[in-house]
Amino acid sequence: MTLKETRDVFAVLQANYPDTFRGLSDQALLTTVNLWQRMFSEEPKALVMKAVEAHIASSTDRFMPNVGIIKEEIRKLTAPEGLSENEAWALVSRAMRNGT
């Protein structure tokens, strides 16, 4: 994601999380935007935007998520769904019962 694309993502974040940006200095905002650009430099803008929108849709927080939260949203969007731990153990348990 380029710096311009990161600014586009931040426009959405600012619209949804005005409390985060209230009173924030221009320098602090620039530092934050630059950090996000570095952290998401290998990600396409569309994927980061989709992760941000997914978080916005499911969170009631008043403040902007940190980088790690959006990275986790990206993992959820891109990783194939697997079995949960409980589902896997249920399969093992059933197989063991059927085997004896």
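Visitor: Let's start with α1 and α4. At what angle do their axes cross, and within what distance do they come?

Guide: First, keep in mind that this is a predicted model. In it, the axes of helix α1 (residues 3-16) and α4 cross at roughly 10 degrees and come within 10 Å.

Visitor: So what do I call that, roughly parallel or roughly perpendicular?

Guide: Angles under 35 degrees count as roughly parallel, and α1 and α4 are therefore roughly parallel to each other.

Visitor: Which residues make the contact?

Guide: From α1 you have Glu-5, Asp-8, Val-9, Val-12, Leu-13 and Asn-16. On the α4 side there are Lys-45, Val-48, Met-49, Val-52 and Ile-56.

Visitor: And how do the residues of that contact divide into nonpolar, polar and charged?

Guide: The contact of α1 with α4 has seven nonpolar residues, one polar and three charged.

Visitor: OK, what about α4 and α5? At what angle do they pack?

Guide: Helix α4 (residues 45-58) and helix α5 (residues 67-78) pack at about 105 degrees, and their axes are 9 Å apart. The range 65 to 115 degrees counts as roughly perpendicular, so α4 and α5 are roughly perpendicular to each other.

Visitor: Who's touching whom there? Which residues make the contact?

Guide: α4 brings Leu-47, Val-48, Lys-50, Ala-51, Val-52, Ala-54, His-55 and Ser-58. α5 answers with Ile-69, Ile-70, Glu-73, Ile-74, Leu-77 and Thr-78. By class, the contact of α4 with α5 has nine nonpolar, three polar and two charged residues.

Visitor: Switching topic: how many aromatic pairs does a search of the whole structure find?

Guide: Three. One of them is Phe-10 with Trp-36, which is edge-to-face, with 5.3 Å centre to centre and 85 degrees between the planes.

Visitor: Where do those two lie?

Guide: Phe-10 is in helix α1 and Trp-36 is in helix α3 (residues 26-39), so the pair ties together parts that are 26 residues apart in sequence.

Visitor: Are they buried or exposed?

Guide: Phe-10 is buried, with a relative accessible area of 2%. Trp-36 is buried too, at 3%.

Visitor: What about the rings of Trp-36 and Phe-40? How are their planes set?

Guide: The ring centres of Trp-36 and Phe-40 are 5.3 Å apart and the planes are at 45 degrees, so that pair is tilted. Phe-40 is buried as well, with a relative accessible area of 0%.

Visitor: Which residues do the ring pairs link into a cluster?

Guide: Phe-10, Phe-21, Trp-36 and Phe-40.

Visitor: Back to helices. At what angle do α1 and α3 pack?

Guide: At about 115 degrees, with their axes 9 Å apart. The crossing of α1 past α3 is right-handed.

Visitor: Which residues meet there?

Guide: In α1, look for Leu-3, Thr-6, Arg-7, Phe-10, Leu-13 and Gln-14. In α3, they meet Leu-29, Thr-32, Val-33, Asn-34, Trp-36 and Gln-37. Phe-10 and Trp-36, the edge-to-face pair, are part of this contact. The contact of α1 with α3 counts six nonpolar, five polar and one charged residues.

Visitor: What about Glu-81, buried or exposed?

Guide: Exposed, with a relative accessible area of 80%. Glu-81 has its place in the loop between α5 and α6. Glu-81 and Asn-16 are 65 residues apart in sequence and 29 Å apart in space, C-alpha to C-alpha.

Visitor: Last one: where does Gln-27 lie?

Guide: Gln-27 lies in helix α3. Gln-27 is exposed, with a relative accessible area of 52%. The C-alpha atoms of Gln-27 and His-55 are separated by 26 Å, and the two residues are 28 apart along the chain.

How values were computed:
Residues numbered from 1 in each chain as written. Predicted model: local features only at pLDDT ≥ 70, side-chain atom pairs only at ≥ 80, totals over all residues. Heavy atoms only, no water. Axes fitted to C-alpha atoms, helices over the stretch in contact; angles between N-to-C directions. Helix = DSSP H or I, 4+ residues; strand = E, 2+ residues; numbered from the N terminus. Parallel < 35°, antiparallel > 145°, perpendicular 65-115°, else oblique. Contact = heavy atoms within 4.5 Å. Nonpolar A, V, L, I, M, F, W, Y, C, P; charged D, E, K, R; others polar. Phe/Tyr/Trp six-rings, centres within 6.5 Å; stacked < 30°, edge-to-face > 60°. Buried < 20%, exposed > 50% of the residue type's maximum accessible area, 1.4 Å probe, protein only. Left-handed = near helix turned anticlockwise from the far one by under 90°.
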